Amino acid sequence: MKLIGTYVSPYARRVAAALVSRAVPYEHEDLNGYANPARARELNPVGKVPVLVLDDGERLIDSAAILDHINELVGPERALVPRFGSARRTALQLSAIATTICEQVTAHYFEQQRPSDSAQPELLERYRAQIIGGLKALDVASHSNGPIGIEPLDIATISAVIAFEYTPKWYPELDPAPIAPALASVAAALADEPAFAHTRPPMA
């Protein structure tokens, strides 16, 4: 398989982290869709990464869909998501919160890049509130015996740690550690795990 997408993207990175965590071999093409939109559109009709090219040439797009395939590929004994019940719902919900944090961090960053006379303070504040709300929700789940931080790594922990690391790089005015101290402890404890250490972009 071949994973296409820069690890600067939290969505490409969480796919890579999932593959590493389950020892699934893959090639990597470090494509930034913003820097090379033509190449991204060749691979994905909406011009986004990640893209996972399967051995038969089929292309999967969108990190959630790709992770669903990986979950099926590795089988129930090594699943990224619990098979059923409240544990499954919790893992998927926490993963969704983490990806929303990343979306809003990115949106906040680009809104800040507008000329000062056209940036919308109310929109920036909305993004900020959503990010903080998401971090607090992940923090609750990161306390002792919570669903984030368990071994083996699952989709909730992978997504939460990546969101935690992504936030201060693109929103440096917002330090996530005081907002989510339990999540900060989980991220620190797992910093050297291959799933994170091997996929951390140079800027991190």
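Helix 1, helix 4 and helix 6 each give at least two residues to the lining of the second largest cavity (helices are DSSP runs of H or I, at least four residues, numbered from the N terminus). This is a predicted model, where local features need pLDDT of at least 70, side-chain atom pairs count only at pLDDT 80 or more, and totals for chains, interfaces and linings use all residues. Residues are numbered from 1 along each chain as its sequence is written, and side-chain values use heavy atoms, without hydrogens and water.

**Exercise 1.** Find which residues line the second largest cavity.

*Solution.* Start with the term: on a 1 Å grid over the protein atoms alone, a cavity is a set of points where a 1.4 Å probe fits but cannot get out, and lining residues have an atom within 4 Å of a point. The lining is Pro10, Tyr11, Arg14, Ala98, Thr99, Cys102, Ser159 and Ile162. Next, the volume, the space filled by probe spheres set on the points, is about 30 Å³.

**Exercise 2.** Work out which helix gives the most to the lining of the largest pocket.

*Solution.* A pocket is an open set with protein on both sides within 12 Å along at least five of seven lines. The largest pocket holds about 900 Å³ of space. Of its 36 lining residues, the closest to its centre are Ser9, Tyr11, Lys48, Val49 and Pro50. Elements giving two or more residues are helix 1 (10-21), helix 3 (63-74), helix 4 (85-112) and helix 6 (155-170). Helix 4 gives the most, with 9 residues.
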